[in-house]
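Hi everyone, thanks for coming. Let's get the structure up on the screen, and then I'll walk you through a couple of spots in it.

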Amino acid sequence: MVTINIDGKPVEVLEDTTILKAAEKAGVWIPTMCHSEYFEPYGVCRLCSVEVVRGKRSRIVTACNFPVRGGMNVLTNSERVKWLRKVIMELTLSRWPNVRVVREMAERLGVAEPRFKSLERDEAENACILCGMCVNMCNEVVKAGVLGFAHTGIKREVVLPFDERSDQCIVCGSCAHVCPTGHIKMILEDYRGKRSEFTLGPKTPIYVPTLQAVPRVPVIDTESCIHFQTDGCETCAKACEPNAIDFGMKDEIVDIEVGQVLLATGFDLFDAGAMAQYGYGRLDNVYSSLEFESILNSTGPTGGKIVMKNGKEPRAVGIIHCIGSRDTNHHPYCSRVCCMYALKFAHLVKDRTSAAIYQFYIDMRAFGKGYEEFYNRLLDEGITMIRGKAAEVVEGKWSGEGEPSLKIRCEDTLIGKFREIPVDMVVLCNAIEPRTDSDVIRRLFSVSKSPDGFFLERHPKLDPTSTATDGVFIAGCAQGPKDIPDTVAQASSAAARILSLISKGEVEIEPVRAMVQEEYCSGCKICNNLCPYGAIEFLQESKVSHVNEALCKGCGTCVAACPSSAMTGHGFTDAQILAELDGLMV
Amino acid sequence: MAFEPKIIGFLCNWCSYTGADLAGVSRIKSAPNVRVIRTMCSGRVDPAFILKAFQLGADGVIVMGCHLGDCHYQEGNYKTIRRIPFLKRLVAGFGIDPRRLRLEWVSASEGDRFAKVVNEMTEEIRALGPLKLSVHQEAEQAAVHA
C-alpha cells in the first residue's frame with residue numbers, strides 16, 4: 001500500500017492502481033469520455049489529464065492509465081489542467097456540437113462556445129465521437145475482433161472489416177450497449193436469441209429459469225452466451241464475488257439405480273397459433289394464458305402492470321375459454337383448470353385496472369371446493385359473462401374511430417344474437433395437452449396411454465396413480481388435466497404407495513415364468529434370440545437352453561416358438577390353454 | 001336357428017384384455033360371439049392353438065395384441081405380426097378362408113375399438129357361414145350312423 005495526495009487529500013491505495021481509481025476512492029471527480037470498467041484504459045479522450053507533481057517538477061499525465069507511486073502529488077483542478085481540459089472540450093464540441101454526452105460534459109466543465117471551427121463538423125445527435133469503447137469492447141471483452149478504426153486524423157472512423165457485414169460478428173450487442181451516443185443500434189429486436197419460456201421479455205444468456213426454480217441458481221444458455229462463441233467476455237464471472245461461475249461445466253448423463261419411478265412429466269400448452277381465427281402470434285395484444293400469467297406476475301416483464309404493447313392500460317379485456325379443448329378438431333376433452341384461472345384473471349384485471357372484462361365460455365365448470373362461491377363473487381364484481389365460444393378476433397376500431405384495436409366476434413347463445421365486442425387485449429385459455437415427447441417416455445417405462453394421449457392409470461377409479469407396469473407410478477397432468485389440489489393429492493398418494501413398497505423391503509412378482517424341460521430340448525437355440533430380456537442362455541455342457549428366472553418376465557414368446565414343446569410357461573402351459581379351448585367349444 | 005359363429009379370441013394381458021375389460025366397464029355393447037382366452041402376450045399364441053381351435057369347431061380366430069411399439073414385453077407383438085401372415089397361407093391350404101383368421105391391435109384404452117373389431121369380425125364370419133372341414137363332416141357322419 002502506498003499513500004498519495006490528490007488535491008491535498010491523502011489516500012491509501014495499492015501500488016500500480018491508476019490515478020483515476022485512486023481519485024475515485026478519494027471522492028475526487030475526474031472527467032472521462034472513453035473509459036470503462038469493462039476493458040483496459042484506452043486513453044484517447046485525454047479529458048482525464050491531471051498534473052502530477054514530484055518535488056519541483058510537474059507533468060501532465062492521463063489519470064486513467066497512469067500508475068500511482070508513493071508520495072505522489074496529484075492535482076486535478078490546477079490552472080494548467082483546467083486550461084487543457086477546456087481546449088480538449090472545445091475541440092470535441094466544435095466537431096460534435098449536438099451529441100448529448102459531449103454537451104453535458106462541456107456544460108459540466110464550463111465550456112460554452114468553442115473558439116475553433118472543425119472542418120468535419122457533424123451535426124448529428126447520435127454521431128460517433130470516436131471514443132473507441134465499441135472497438136475495445138469487441139476486441140478485449142467479446143474477443144470477436146470485428147470492429148476497428150480506419151484512416152487517421154479527421155478521417156478516422158469505426159468500421160467493420162472491408163466495410164461489409166461480417167460473419168465474425170456474433171451479434172451480441174455489446175458495442176451498442178457501451179456506445180455513449182447511440183450511434184450503434186441493434187436492428188434485430190430480439191438479438192439475444194430466444195424469448196424466455198416464462199416471461200415475455202428477452203432473456204440474457206445467463207438467467208434464473210424461474211423464481212421458483214430449485215436450486216435457485218442461474219444457468220447459462222450456451223447458444224447465446226458470448227463466451228461460448230468467442231472465448232471472451234466472462235463479465236459475469238468477473239462480477240461474481242464467490243467465483244461460482246464455471247464455464248467448463250458440461251451436461252452430463254447420470255445413471256441412478258432405482259426400484260420405483262414416479263412419472264410426473266406435466267403437460268404442454270396447446271399452441272393457439274393452430275387456430276388462426278384467434279390471431280395468436282399474428283395480432284398484437286393477443287396472449288396465451290401462460291403469457292398473461294407472466295404479465296400479472298410482479299417479477300414479470302411489466303412488473304405486474306396490465307398494459308398493452310404501447311404501454312397503455314387496456315380499456316377492455318376479453319378472455320376466451322376452451323382454446324383447443326372441448327373441440328373435436330383438436331382435443332375433445334375438457335382441460336378442467338381453465339374456467340377457474342380465467343375467473344382469477346378477471347379478478348386480478350378488475351383489481352388492477354378499470355378495464356371492462358368479458359368472458360366467452362361454453363359452460364362454466366366451477367367443480368371444486370369453494371369454486372362455485374368464487375364464481376358467484378366474480379359475477380358480483382361486475383364482469384360480463386357471454387355464453388358462446390368466440391368465433392374470431394379481428395382488428396377493428398372502437399365505434400369506428402380512435403386508435404385501432406381488437407374486436408371479438410361471437411354468438412351470444414343466451415340472447416340468441418351475433419355480437420361484436422371491442423376489446424384492447426385478448427387472453428386465450430389454451431388447452432392442456434400431453435407433452436410432445438410423452439410417447440418416448442411412455443415406451444421407456446411400458447406405460448399405456450389413454451385415447452387423449454395422457455398416461456393411462458391401472459384403474460380409473462380404484463387405482464389412479466399406478467400403471468400396468470409394476471413400480472411405475474404417475475401423478476399430475478401427465479395422467480390427465482387437473483388443478484393443483486388434485487395434483488397434490490395424487491402425487492402424495494403415489495409417494496405413499498412408493499414408500500409402502502420401500503418399507504416392506506421386498507416385492508411380490510407374478511409367478512408367470514418360462515421353463516425348459518431339458519429332456520425334450522433339442523438345443524436348436526431358436527428361443528435364444530427371441531427373448532427381449534436375454535433371459536435364455538444356451539448351456540454348452542448339456543447342449544440345452546436354460547431360462548434365467550430372475551430375468552424372465554413371462555411373456556411366453558419362446559414357448560410359442562419352441563418346435564419341440566420343451567419350453568413351458570407357468571400358468572399358461574400348452575395343456576392349460578388347450579383345455580381352455582376345449583371348454584370354450586362346448 | 002340362425003347361425004351364431006363361434007370365434008376364439010386370443011387377447012394379450014396388457015392391452016387387449018384390459019381393453020376388452022374397459023369395453024365392459026364402459027358398458028359398450030359388442031357381439032357375444034368372441035370367446036376370450038387370455039395370454040400374457042400375443043407372442044405367446046402358438047400357431048398350433050389356432051389350428052386346434054379350427055379343428056375343434058371354431059368358425060374364426062382373432063388374435064389381439066398391443067399396438068406396435070407398445071408391447072409390454074417390448075417386441076412380442078412383432079413376433080406375432082410375422083407369424084400370422086404365414087399362418088393365413090397355411091390355413092388357406094387346409095381349405096379355411098384366411099378371412100377367418102384375424103390379427104388386430106387393441107390398446108388398453110380402446111374399449112370402443114375392441115367392440116368395433118369384435119362386431120366386424122362376427123359379421124364377417126356370419127356372412128362366410130359355418131366352417132366345414134373334413135374332420136367336422138366325418139364327425140357328423142359318424143354321429144348320424146351311430
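Strands here are DSSP runs of E with at least two residues, and helices are runs of H or I with at least four, numbered from the N terminus. One of those bridges pairs B:Leu11 with B:Arg38 in β2(B).

Quick note before we go on: this is a predicted model, where local features need pLDDT of at least 70, side-chain atom pairs count only at pLDDT 80 or more, and totals for chains, interfaces and linings use all residues. Residues are numbered from 1 along each chain as its sequence is written, with chains lettered from A and ligands numbered from 1 in the order in which they are written.

Now zoom out. What is the strand order of the open sheet in chain B? It goes β2-β1-β3-β4, with parallel pairing, and two strands pair if DSSP finds at least two bridges between them. β2 (34–39) and β4 (101–105) of chain B are the edge strands with a single partner each, so each has one side without a neighbour in the sheet.

Next, hop over to chain A. A:Ile432 sits in strand β20 (residues 432–434) of that chain. Buried or exposed? A:Ile432 is buried, because it has 25 C-beta neighbours inside 10 Å; the cut-off for buried is 20 or more other C-beta atoms within 10 Å, with C-beta atoms placed from the backbone. And A:Lys56, 376 residues away along the chain, has its C-alpha atom 81 Å from that of A:Ile432.

Terms used
Buried ≥ 20, exposed ≤ 12 C-beta atoms within 10 Å, placed from the backbone.
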